[in-house]
Number of protein chains: 2
Amino acid sequence: MRGLAERLRGLLGEGVVHTDPDPVYAGDHAVPSAPGTSFLLVLPRDVEGVQATLRLAHETGTPVVPRGAGSGLSGGATPIDGSIVLSLERLTRIREIDVLDEVAVVEAGVITADLSEALAPHGFFYAPDPASARLSSIGGNIATNAGGLHCAKYGVTRESVFGLEVVLADGTLLRTGHRSIKGVTGLDLTQLLIGSEGTLAIVVAATVRIRPLPVARRTVLARFPTVAGAAAGVNAISRSPVRPAACELLDARSLEDIDENTGAGVAEGESAVLLVELDGYGIAEQTRDLIAALGGAGGPADDGGDGGDAGPSDVEIRVLEDEAEAEHWWELRRSGRGSGAGHFRLGEDVAIPKSRLADAFAVIERIGREHGIRTSAVAHAGDGNLHPSLSLPRPEDNPDPSAPLPPVLHEAADDLVREALALGGTISGEHGIGTAKHSWLDLELSDASRALQRRLKDAFDPQHLLNPGKAL
Amino acid sequence: MRGLAERLRGLLGEGVVHTDPDPVYAGDHAVPSAPGTSFLLVLPRDVEGVQATLRLAHETGTPVVPRGAGSGLSGGATPIDGSIVLSLERLTRIREIDVLDEVAVVEAGVITADLSEALAPHGFFYAPDPASARLSSIGGNIATNAGGLHCAKYGVTRESVFGLEVVLADGTLLRTGHRSIKGVTGLDLTQLLIGSEGTLAIVVAATVRIRPLPVARRTVLARFPTVAGAAAGVNAISRSPVRPAACELLDARSLEDIDENTGAGVAEGESAVLLVELDGYGIAEQTRDLIAALGGAGGPADDGGDGGDAGPSDVEIRVLEDEAEAEHWWELRRSGRGSGAGHFRLGEDVAIPKSRLADAFAVIERIGREHGIRTSAVAHAGDGNLHPSLSLPRPEDNPDPSAPLPPVLHEAADDLVREALALGGTISGEHGIGTAKHSWLDLELSDASRALQRRLKDAFDPQHLLNPGKAL
């Protein structure tokens, strides 16, 4: 790779090509590369630098692993041996904000939360907000079609992208989509590229939708005696006209995780929490209808109508009028997940039709019992996306944090993924396939689908140089 | 084609294969096939019938033109010589409605408005509502990624589809997507297929998102002295926190069209109308903020902040409290478009970044003057999608309604499409490319994009049998 590095230095100048990169580039937030993996790190300063890198990779048949902020959780940015890791982290320009067109034009390396900060003085925000929003980049979010807490109301990343600038495998710059809100000219390459995890092309910039900040926000916390009761609460919301901006379900074990990690003291026996954010106009009416749906605070009890479930009961509902308390709860939800440092931990991401939440939580508890492991789970309940955490205490004589996970955790994850499919769900709700979920693809996708996807890959990248071994 | 018809009858039974079809199948609502075009009409009764037809077409190398309800406006369903026209009109089953999962599973031939009618008793609706919703089918809407009046708030068809059942060119049935609200497994074939106008595969069923009916609705009518004032009103709404469910702009000439077609008496000199629907919670607060934004009824005048425009003035705003009056206006908007029977008429569909509406209306007026034709235009102003109407009176000695349009209308349309692109827009906002807009594709799409789209077409349909000559 030395010759390649020299040629890249010649093209891109000093400070861009690294033959001995910082170990942080050896994996993403969940999946490290195999020990001894050798790769070149390239940090282009602009779109032309990305193109030059890809032209040379194309000429030399070198695999390219694109990388956003490296905050992924499925190995999508994990280096492979002999590859160029092409990080977009220096492409951080917000090129344009236009509130009248309701768009912003941003480069791939812009940190997701930074865009909303830049928009706030205009009274606008960028809706996609993965829990990693302060770390992850918009390019990485687009590559994985990232979700987040507020997609319950505002949709996933896909629903906030109008157009892309991508670099193709041979270095060609391609613009897709439109700046107008609508547009149906030709095949929708924008939508095909979103979520393709860098296997079809490399996103260098995007025209994204921005939205006016809601006129009001309110957090409602509902505590149910059991997780099944909380799941029934989600069904009750589904039947009602209220659609929360965010609706998070935390089971008893995940509340214990939070206490263990933060000392917050939020766990109470077997109770589970629904943490709901309402936003927009008529916040008082929304709150009233939410409380009525949840069957508390004197509202009518849920009659179980369509679903046949018993409906929530004994729910304690609190409107968190104190903004600091509300923000504290949201921060606990975002950062407190999973068992702490003394554990081997595998974080999962599956989605199911949202009426099946109670079944999914029962499955998770059963898997914990049967495999003799600890399980906890939070869910983006508004869209049926669960993040179970599977863990085992580290033995005191083996505290090495880089030790591989015990096989039983992988076995439990396999069980979980299969059960999610059996419930009518999917093997990944929002984290992507990367390398971590690759072996399960055939469980969800038919032979015809896989064959077709391989042909689409060939149409974009006939040499299979872009992120080989990932996603597809 | 006689031998093919016999073989299809053998496979599909009686009453399915028609060698002498009703003339209604010879085109869509805007584009007739060339005189003398010969085709077979096949009306399968079920998905298996669609598969059998495609298997035989694949074996015999016969082109297939898929057809929804035939209400398209760009020639996407127009027969070509020697083809099978495969109509999905008998696949009308609503297989499932599940309000807890917020999905319905429907066959392609379900009429769009029928789904919302079926959902109403559950308190739900299906958001995509092209003006043709009482005629067009969900399959056709998916094939064109149809828009409509309410996409200003709820998005286009794309944003309401979770998964598809499609039949591939060789007759294989493929299921794409997910029933869960989120899902990121593999390339998003669902999104690639939406809007592909039957060139990649034939949609036979879809899992679509359904939404709770809004708790309230209100129509606000704002009349501005000029169309430029109405466009400034749209900008004022963009700056505000209000997001209407629908926001339609009708220029003075389109109001005259409505009067001519219906006798309604809505035109008043050069004034233009913004017809706005608000829905959801806090309808009174929304109305107050809308009126304030529009600068009327004692609200603060628009200060022109970001856009530099002067802002609306002398606007007359009426909240249409009478539901019948409101519905009358919406019906006029949906049905009254374009000059009437005594005219040659070409209806257009372009979209622009929505801050450029005033420029777009000025362009349309200039085109009318320069080409000596009558122009009028309505716009889905909330998303910058314009439907200009270009027309000329028919001479009294040539009242033949099937006579070809005078070339000057096509020349004016060409001018219009190029100007839309110059404003940063697109050649089609929501009607699709079909055959009508095919010649303009290269103005919007780069060589790299067109080449890539051809390779994707090859990946789906190597024999190029599916809707050849359309869309791509």
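Chain A is divided into domain 1 (94-212), domain 2 (215-337) and domain 3 (340-431), with bounds that come from an automatic or database domain assignment. The structure is a predicted model, in which local features need pLDDT of at least 70 and side-chain atom pairs count only at pLDDT 80 or more, whereas totals for chains, interfaces and linings use all residues. Residues are numbered from 1 along each chain as its sequence is written, chains are lettered from A in the order in which they are written, and side-chain values use heavy atoms, with hydrogens and water left out.

Within chain A, the centres of domain 2 and domain 3, taken over C-alpha atoms, are separated by 22 Å. The contact between these domains of chain A involves 20 residues from domain 2 and 21 residues from domain 3, contact meaning heavy atoms within 4.5 Å. About 1,700 Å² is buried between domain 2 and domain 3 of chain A, 50% of it given by carbon and sulfur atoms; buried area is the accessible area (1.4 Å probe) that two parts lose on being put together, summed over both. Two salt bridges are counted between domain 2 and domain 3 of chain A, a salt bridge being a side-chain nitrogen of Lys or Arg within 4 Å of a carboxyl oxygen of Asp or Glu. Glu256(A) forms a salt bridge with Arg374(A), in which the closest N and O atoms lie 3.8 Å apart. On the side of domain 2 of chain A that touches domain 3, helix H7 (227-239), strand S13 (246-250) and helix H8 (252-262) each supply at least two residues, helices (H or I, at least four residues) and strands (E, at least two) being DSSP runs numbered from the N terminus. The residues of this side comprise eight nonpolar, four polar and eight charged, where Ala, Val, Leu, Ile, Met, Phe, Trp, Tyr, Cys and Pro count as nonpolar, Asp, Glu, Lys and Arg as charged, and the others, Gly among them, as polar.

Between the chains, the contact takes 83 residues from chain A and 84 residues from chain B. The area buried between chain A and chain B is about 6,600 Å², with carbon and sulfur atoms giving 64%. Across this interface the rule finds 10 salt bridges, and Asp188(A) forms a salt bridge with Arg158(B), the closest N and O atoms being 2.9 Å apart. Among the elements of chain A that each supply at least two residues of the side touching chain B are helix H9 (283-294) and helix H14 (447-460), and H14(A) contributes the largest share of that side, eight residues. The residues of the side of chain A that touches chain B divide into 33 nonpolar, 32 polar and 18 charged.
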